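These are my notebook entries on one structure. I set down what I looked up, entry by entry.

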Amino acid sequence: SSDYIRRFEKVPEDYIPSKSDLQAFDYIRTNVSDTDLIVFIKPRVLTLFTNKRVTPHSWLSSAEDNKRQFDQMNAKYVLLAEGIVDTTLNGYLYRTEHPVDSMQIAKGYMLYKLK
């Protein structure tokens with residue numbers, strides 16, 4: 001919906017990362033290569049705090065369409081954050097692509113390394 005899009009268009013000026021956010025960002029900064037692509041629902045936030053390559057997904061497209069796009073882009077990771085309900089990314093992970101590795105990188109953050 002348009003409300004959903006407006007909420008995630010840009011980082012709010014008063015945004016202050018939590019301790020868990022900072023732990024997740026630090027893990028990504030130190031453990032993910034600068035050339036690897038991460039799929040995340042809030043790409044601008046992740047790029048701002050990690051300086052890594054990030055792409056959003058198309059929540060209007062099917063999990064299969066997203067898989068084709070991510071495969072073409074050679075995406076290496078999917079980051080999921082607790083409290084952000086995202087059925088498209090869940091469908092991508094659990095129906096079309098099986099992570100080869102996953103780990104909780106901070107409270108509320110799961111990082112999935114893709115095949």
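Predicted model: local features only at pLDDT ≥ 70, side-chain atom pairs only at ≥ 80, totals over all residues.

**Entry 1. The aromatic pair.** I looked up aromatic pairs and found 1 in the structure. In this pair, the ring centres of Phe25 and Phe49 lie 5.0 Å apart and the ring planes make an angle of 10°. Planes under 30 degrees apart count as stacked, so the pair of Phe25 and Phe49 is stacked.

I then asked which helices hold Phe25 and Phe49. Phe25 belongs to helix H2, and Phe49 belongs to helix H3, which covers residues 43-50. The two residues are 24 apart, and the pair thus links distant parts of the chain.

**Entry 2. Cover of the two rings.** Is Phe25 buried or exposed? I recorded a relative accessible area of 2% for Phe25. Buried means under 20%, and therefore Phe25 is buried. For Phe49 I recorded a relative accessible area of 24%.

**Entry 3. The chain as a whole.** I looked up the secondary structure and noted 5 helices and 5 strands. Along the sequence they follow the pattern α-α-β-α-β-α-β-α-β-β. The chain has 115 residues, and 40% of them are buried. I also looked up contacts between residues at least 6 apart in sequence; 55% of these join residues at least 24 apart. For the accessible surface I recorded about 7100 Å², with 50% belonging to carbon and sulfur atoms.

**Entry 4. The sheet.** In what order do the strands of the sheet lie? I read the order as S2-S1-S3-S5-S4, in an open sheet of 5 strands with mixed pairing. The edge strands are S2 (53-55) and S4 (101-106), each of which pairs on one side only. From one strand to the next, the twist averages 30°.

I reminded myself that strands of a sheet pair through backbone hydrogen bonds, in a parallel or an antiparallel sense. I looked up S4 and S5 (residues 109-113) and found that they pair in the antiparallel sense, over 5 bridges. Asp101 stands opposite Lys113, a residue of S5.

**Entry 5. Helix H2 against the sheet.** I returned to helix H2, which spans residues 19-31 and packs on the sheet. I asked which strands helix H2 touches. They are S1 (37-39), S3 (75-81), S4 and S5. The direction of helix H2 makes about 130° with that of S4.

Key. Residues numbered from 1 in each chain as written. Heavy atoms only, no water. Helix = DSSP H or I, 4+ residues; strand = E, 2+ residues; numbered from the N terminus. Buried < 20%, exposed > 50% of the residue type's maximum accessible area, 1.4 Å probe, protein only. Contact = heavy atoms within 4.5 Å. Areas by Shrake-Rupley, 256 points an atom, 1.4 Å probe, with all protein chains shown as cover. Pairing = 2+ DSSP bridges. Axes fitted to C-alpha atoms, helices over the stretch in contact; angles between N-to-C directions. Phe/Tyr/Trp six-rings, centres within 6.5 Å; stacked < 30°, edge-to-face > 60°.
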